[in-house]
Amino acid sequence: MAQYRIVSGSVAVISIQNPPVNALSAAVRNGLLLSVRTASSDPLVRSVVISGHNGPFCGGADIKEFGNVSHLESGPHLVEIFESVEALAKPVVAAIEGFALGGGLELALACHYRFGHSEARVGLPEVSLGLLPGAGGSQRLPRLLGVRAALDMIVTGRHVAAGEALNLGLLDRVTDGNTVDAAVRFAQSVEGKPLDDRRLGNRPCPPLENIDAFFEDALNRVRGRARGAAAPLACVQAVRGAATLPFLQGMALEKRLVETLMTSGQAQASRYCFFTERGAARWTTPTGARWDTCRARPISTAAVIGIYASCI
Ligand SMILES: CC/C=C\CC(=O)SCCNC(=O)CCNC(=O)[C@H](O)C(C)(C)COP(=O)(O)OP(=O)(O)OC[C@H]1O[C@@H](n2cnc3c(N)ncnc32)[C@H](O)[C@@H]1OP(=O)(O)O
């Protein structure tokens, strides 16, 4: 769901509400798009703030929906929502508390300004799910940060703390106080100001010397570390698209790459690991012992069982 309210007379505050991490489920996507359209058509609304309900901004696309076509299709695609956010004729400010990860950061990148709490963190961790940032993140982030910093974040998937994000230019402001209140005050101060330059889809990537050599080298380094994983290499290809293609062509390349990755065995296995790791953390023995409270026994013998081999 997305909660919609008007504050200070002219600011529409859209709050993503899907605990515990405010993932972008079909219901959230429907609510977000409806809220953006309502804000766009209401003449009393002059600016918009997007935040997460009760703490975290957004943990990204709802991973539980991946591989489930009927869930995915029961809400608009993230790309469509983010295009409407970026195209809005009123300033949109992301108010980031907790974390903005994956599709959550991609949403923030579609906003015209980004405010963060000093303890917030941001990142594009899709690579660890065998994917790439497939809702415009691979095209907007390099246009904001430049190719080197964006490629590092996208290929490693690392979480970046608010202070570093501010230095990189990923956040416009960081506050120790109430992020939504600060974002509302700022949104009012930029009402009516031009937005063209704030739309990352309108900006070219900052120029890079020896672009072919840079990406050749990046591809070799990433291939060396990837140990057969396809996603890190696709990330490099997508960022190269951002550096060399107009925005819409880059988006088309990103779409092709993410569609291929999404159905791959590597992505399915990575999703399985994601949920299994969390399930294992909850597991207890009948006596109440948990993995993190009991002592590990020494391993004296190891064996592989149930190995699967295929012959071509
Ligand atoms: C076209 C492609 C476009 C976009 C792609 C994406 O956005 S892919 C998703 C990218 N986001 C991520 O990879 C973030 C994954 N989540 C995390 O790293 C952590 O969960 C997080 C957000 C840092 C919070 O960590 P914390 O330790 O506080 O909680 P925990 O990991 O135990 O998670 C709590 C429960 O939430 C479930 N969950 C987390 N993230 C998602 C998600 N994105 N979608 C769906 N569900 C998510 C997690 O499974 C836990 O639930 P449980 O029932 O307890 O297993």
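## Pairing around strand β2

The model is a predicted one, in which local features need pLDDT of at least 70 and side-chain atom pairs count only at pLDDT 80 or more, while totals for chains, interfaces and linings use all residues. Residues are numbered from 1 along each chain as its sequence is written, and side-chain values use heavy atoms, with hydrogens and water left out.

On the β1 side, β2 (residues 11-16) pairs in the antiparallel sense, again over six bridges, with Gln3 opposite Ser15 and Arg5 opposite Val13. The hairpin of β1 and β2 has three residues between the strands, and Ser8 takes a positive phi near 50° there. Strands (E, at least two residues) and helices (H or I, at least four) are DSSP runs numbered from the N terminus.

## The sheet and its covered strand

The open sheet has six strands in the order β1-β2-β3-β4-β6-β9, with mixed pairing. Because β1 (2-7) and β9 (173-175) stand at the edges with a single partner strand each, one side of each is left without a neighbour in the sheet. The twist averages 20° from one strand to the next, where axes are lines fitted to C-alpha atoms and angles run from 0 to 180 degrees between N-to-C directions.

In a regular strand the side chains alternate between the two faces of the sheet. Both faces of β2 are covered, with Val11, Val13 and Ser15 buried on one side and Ala12, Ile14 and Ile16 buried on the other; buried means under 20% relative accessible area with a 1.4 Å probe, counting protein chains only. Six of the six residues of β2 are buried, so the strand is largely enclosed by the rest of the structure.

## The ligand shell

Among the 22 residues around the ligand, Ala61, Ile63, Gly103, Arg278 and Arg282 come nearest, a residue being counted if one of its heavy atoms lies within 4 Å. Helix α12 (265-282), β5 (99-101) and α4 (103-110) each supply at least two residues of this shell, and the largest share, four residues, comes from α12.

Backbone N or O atoms of Gly59 and of Ile63 each lie 2.9 Å from a nitrogen atom of the ligand, whereas an N or O atom in the side chain of Arg282 is 2.7 Å from a ligand oxygen atom. The protein covers 76% of the 1,000 Å² of accessible area that the ligand has on its own, as given by the Shrake-Rupley method with a 1.4 Å probe.

How values were computed
A polar contact is a pair of N or O atoms within 3.5 Å; within protein, one must be able to donate a hydrogen and the other to accept it, and residues adjacent in sequence count only if both atoms are side-chain atoms. Two strands pair if DSSP finds at least two bridges between them. Buried means under 20% relative accessible area, exposed over 50%, partly exposed in between (1.4 Å probe, protein chains only).
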